[in-house]
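Work through the exercises below with the sequence and the structure at hand. Each task is followed by a solution in steps.

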Amino acid sequence: MRRVSLNRLSAFNLTALAAGLAFLYLPIAVLVIYSFNASKLVTVWGGWSLRWYAGLLDDRAMLEAAWMSLRVAFVSATAATVLGTLAAVALSRAGRFAGRTLFSGMLYAPLVLPEVITGLALLLLFVALDAGRGFWTVTLAHTTLTMCFVAVVVQARLGGIDRSLEEAAMDLGCAPARAFIAVTLPLIAPAVAAGWMLAFTLSLDDLVIASFTTGPGATTLPIRIYSEVRLGIRPEINAICTLMIALVSVAIVAASLATKWAGRRDDTPAPL
Amino acid sequence: MSRPRIFTRPARLAAILPYAWLLALFLTPFLFIIRMSLSMTAVAQPPYAPVFDITAGWSAVIEALGQLSGDNFALLISDSLYLFAGLRSLTVAAVSTALLLLIGYPVAYAMTRLSRRWQPIALMLVVVPFWTSFLIRVYAWINILQKDGLLNGALRAFHVIETPLAWLATDTAMYLGIVYSYLPFMILPLYAAMEKMDASLIEAAADLGCSRLKAFWLVTLPLSRPGIGAGALLCFIPVVGEFVIPDLLAGSDRLMIGQTVWLEFFTNRDWSVASAMAVVLLVLLIGPLLMYEKMQRRALERGA
């Protein structure tokens, strides 16, 4: 029988893949390289230098925004992980229950819903409740958005694990909550961790929802960067962006290594 | 075999907290958007009327309902600016989705042809940019596209052009930015659909005399349809309401809906019109959103 070479890469395949990846990475690479540019002109190469990173240390507004963003991201990602994991457990283990369709609808819609809608809607709620806008309103808004991403990542994982393990634990006398903590939770731990990281980076990244729900004194990093970018390119922006990219890359590599070392075969689809 | 689903009851309890959260912070706000879209603009802080006070009891609620007005929607219809914004959003989203499919499909297809050892690595390489900030990725393009930026520099170095071209504030720049930002959203579902494909089907097609191209057309493409649908919706819906990319990369003469919502809200401080725009955007998207929701639910519950 003639074997069709399924795993053979044609020249066309290889070109497509290489071009696609180059397209994804080239702009980021340019940004990173130019953040080390000594020249004040963003477009002229003046040799390697760390001066823009040093300059960041004097930029109090930028540092405060970064600190605000990190706090919002940490608190909202943690809350979102708890809520999202609970939601995923409910959707994959609870069978049918009243209002299930509405529940899953509310859970999946924010994944694609344009952020201007979510942001405006949440702002109107906060105004109606007369909540002082600032750290907590942004955190609540980000929790709402990111818990949906956590739920999807964890639910995908819950669908992939062998349920007979949970059932065996309960046959052996575990209470459901105990079986969940002793058996299910360790099995879904990589997905829960990935969910937390996704929530953290999404919160760190969000401009639109934060702009709507924030108040005076609670400027997040993307809001700060956005207002600077609108005024024109500054080399310091390249530096802060490079730092953010580095932070995220290190976290992703660490997470994937941790999963590998844990020796678990992770069938979880890519977080999306 | 029907196994006892002993987890069922405690798992239902797990739904309570996230359910309540979403009802309070996701569903309720939409009622506020709808109400606001029917309110009058007023010079006040916050800038709208009437104030709707639930604590004032039912009579006040009914009175407030009487004050609702369709003026904002009448304004949206009468002013062609808003109509054009809607049309432009849909056009941009459709063109972007088509471009994304054209570019994403060959990449995803090539990924499935990699050996088992390389596939996870390629997958990771596609996912990593998705994790890096959206804003940063759009900003990276400003570096490249500005008048004395790298693109013009490269083109002049190779004598393709003599004088630098204006790339920023054009639709070309905006499409570049959109394709760049959303490419992982297109590649991942396509890859997921094609990766599951049974290789023997293509062998069978080849055994039956199909050329490679024909086998692709008759077998691979139809089987990757769920991925195409997922990728298209995952890109189309958010692009319709996109704000950051057109704001930073496209010209300011023609706006998309997301930009008009932003402009009405932050610049004109007209919350009612901004809400009316948001309602229009939501109505435009309700069809695709329901399709997406159904698809997502099916995909995630298949394993459960």
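**Exercise 1: Chain A as a whole**

Task: state the accessible surface of chain A and its carbon and sulfur share, then describe the secondary structure and burial.

Solution. Step 1: the accessible surface of chain A comes to about 11,400 Å², and 67% of this belongs to carbon and sulfur atoms; areas come from the Shrake-Rupley method with a 1.4 Å probe, and for residues only the protein chains shown count as cover. The model is predicted: local features need pLDDT of at least 70, side-chain atom pairs count only at pLDDT 80 or more, and totals for chains, interfaces and linings use all residues. Residues are numbered from 1 along each chain as its sequence is written, chains are lettered from A and ligands numbered from 1 in the order in which they are written, and side-chain values use heavy atoms, with hydrogens and water left out.

Step 1: chain A has eleven helices and zero strands (DSSP runs, H or I of at least four residues for helices, E of at least two for strands, numbered from the N terminus).

Step 2: 57% of the 272 residues of chain A count as buried (buried is under 20% relative accessible area, exposed over 50%, partly exposed in between, with a 1.4 Å probe and protein chains only).

Step 3: take the contacts in chain A between residues at least 6 apart in sequence; 70% of them join residues at least 24 apart (contact means heavy atoms within 4.5 Å).

**Exercise 2: The interface**

Task: describe how chain B meets chain A, from area to residue pairs.

Solution. Step 1: 104 residues of chain B contact 111 residues of chain A. Step 2: the area buried between the two chains is about 9,800 Å², 77% of it from carbon and sulfur atoms; this is the accessible area (1.4 Å probe) that two parts lose on being put together, summed over both.

Step 1: one salt bridge is counted between chain B and chain A (a side-chain nitrogen of Lys or Arg within 4 Å of a carboxyl oxygen of Asp or Glu). Asp247(B) and Arg230(A) form a salt bridge through their side chains, at 3.6 Å from N to O. Step 4: on the side of chain B that touches chain A, helix α1 (residues 8–37) of chain B gives the most, with 22 residues.

**Exercise 3: Ser35(A)**

Task: is Ser35(A) buried or exposed, and what does its side chain reach?

Solution. Step 1: Ser35(A) sits in the loop between α1 (11–34) and α2 (51–58) of chain A. Step 2: Ser35(A) counts as buried because its relative accessibility is 0%. Step 3: its side chain reaches the backbone oxygen of Val32(A) at 2.6 Å. Step 4: beyond neighbours within four places in sequence, the contacts of Ser35(A) include Trp52(A), Tyr53(A) and Asn238(A).

**Exercise 4: Salt bridges within a chain**

Solution. Arg224(A) is partly exposed at 23%, whereas Glu228(A) is buried at 10%.

Step 1: Arg116(B) lies in the loop between α4 (80–113) and α5 (119–131) of chain B and Glu195(B) in helix α8 (residues 171–195) of chain B, so the pair ties together parts 79 residues apart in sequence.

Technical notes:
A polar contact is a pair of N or O atoms within 3.5 Å; within protein, one must be able to donate a hydrogen and the other to accept it, and residues adjacent in sequence count only if both atoms are side-chain atoms.
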